[in-house]
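Please keep the structure in view while working through the numbered points.

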Amino acid sequence: MPVPGKEIPAVNVRSLSCPNCGATVTVRSFGQAVNVVCASCHSILDAQDPKVQVLQQFQAAIQYDPLIPLGSRGKLRGVLYELVGCQRREIQVDGIGYRWSEYVLFNPYKGFRYLTEYNGHWNYTSLLRSLPDDPGGPGGEAPVKYLGETYRHFQSAQAKTQFVIGEFPWQVRVGEAVSVADYVSPPRVLSSETTGNKEVTWSLGEYMTGGDVWKAFSLRGTAPPAEGVYENQPSPFASTPKAIWKYCGIFLIVALLLLVIDGVMAKDKQVFSNNYLFESASTGEPSFVTDTFSLAGRAAPVKVETDTNLDNAWIYLDYALINQDTGQAYDFGREISYYYGRDADGAWTEGSRHDSVVVPSVPPGNYYLRIEPESDPGRSISYTVTVTHDVPVYWWFLVAAGLLVVPAVFATWRSLNFEHLRWQESDHASAPFNLGGAGRASAGKSIFGGGDDS
């Protein structure tokens, strides 16, 4: 158990001299480090050999400055760790190299933990103490279960170590290649790493933002921005569609109930109907008014219907629904046309002989219609005008449904598109969550070199 107020105790920090260049090499996890890398010449040394043998000389062709300096201390999951090592790895996909970094963290009570970083995406990673349920074997494409959670295969690749610095609890070598495979269940990633001698190491990573890492280690400036969508990056839209569809369903039910109530309460009563004849050749004022009719009860919609005998012709009717007592008028114009014929494609029709319009929320009272017809010269058109009071109206429900459904559909599209961007970088570009497009392997492996967690 940690001593209160002393999260990292005073440990035996050992200084070695590099046999290759003579530089001083500090070993912070003395007694647990297997290899240590000279910061000057990048020779890999045996940290457990009293004579400090050089295991591998490496004049670094790839110079890399770790984003978190060696020796930095940061608190993760309530535990204070010191960063003691960093390695840079690479996979090749279609001739293109994708590199990521793996940082070694050490606490004398908790042992080793790891941070991985690719394009601004971070994972806090530790070795598994028990093996997952892996029916397909390491690197297989079958789902893997661990602690009751199912992880889907994301990708498999060959990873090669490009650059190392600091201390490592395993035998690290530049140029070493291993088989790696990732299985995801955001925000976690389950990873396997198989060496040439078939030794398998499993690790579990959990996604972190760069801002959280910078805050944990009190680093200056801001973290590099995350690029793209990472394999186990939690979707910011995952829960949004479910919540929106829930409320959408509730409001749709309420709107449907209101629609039913309105339909039951509507009287749908015809209050006026009459036939008229329009003669364009006749003289005199074409405008006229109808007989008065009564609208009783509540303020309600009024439907005005027009039926004609149009024959390859049109008629325009300028209507005004006028309250006889107050003079309040509701003006609206309706153009009705009906044409038909036959051509090379057969018989065709255009328009309709019937028209209807609804005037919303007309107060009760005595009303009449003023009608002014207009058409082509020489036309004789008969038409019937019918007025129905307190008609049920349904269009508002369609508008309300559209306003409710569109945001839900948009939220669902955003969520699916996020998953599409995730899986197009995997070995499964045609996976169920993918909306199409060719995929490629993701470079941000959450896997580190072998070794035991203390």
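1. Some terms come first. A residue is called buried when its relative accessible area is under 20%, exposed when over 50%, and partly exposed in between (1.4 Å probe, protein chains only). The model is a predicted one, in which local features need pLDDT of at least 70 and side-chain atom pairs count only at pLDDT 80 or more, while totals for chains, interfaces and linings use all residues. Residues are numbered from 1 along each chain as its sequence is written, and side-chain values use heavy atoms, with hydrogens and water left out.

2. On confidence: pLDDT is the predictor's confidence in each residue, from 0 to 100. Its mean over the chain is 84, and 80% of the residues reach 70 or more. Residues 1-6 have a pLDDT below 50, and this stretch has 4 contacts (heavy atoms within 4.5 Å) beyond near neighbours in sequence. Residues 433-454 also have a pLDDT below 50, yet 109 such contacts are present there in the model.

3. On salt bridges: the term denotes a side-chain nitrogen of Lys or Arg within 4 Å of a carboxyl oxygen of Asp or Glu. Side chains of opposite charge can pair when their charged atoms come close. The whole structure contains 10 salt bridges. R89, E102 and E193 are linked in a network of them.

4. Which residue forms a salt bridge with R298? The partner is D390, with the closest N and O atoms 2.9 Å apart. Helices (H or I, at least four residues) and strands (E, at least two) are DSSP runs, numbered from the N terminus. D390 lies in the loop between β25 (380-389) and α3 (395-423), and R298 in the loop between β18 (293-295) and β19 (300-308), so the pair ties together parts that are 92 residues apart in sequence. D390 is buried at 2% relative accessible area, whereas R298 is partly exposed at 34%.

5. A further pair is E149 and R188, whose closest N and O atoms are 3.1 Å apart. E149 belongs to strand β12 (residues 149-168) and R188 to strand β14 (residues 188-194), 39 residues apart. In helix α3, E419 and R422 form a salt bridge at 3.0 Å; they are 3 residues apart, or about one helical turn, and both are buried.

6. On the backbone: D390 has a positive phi near 55° although it is not glycine. D94 likewise has a positive phi, of about 55°, but D94 is exposed, with a relative accessible area of 73%. A cis peptide bond, with omega about 10°, joins P186 and P187.
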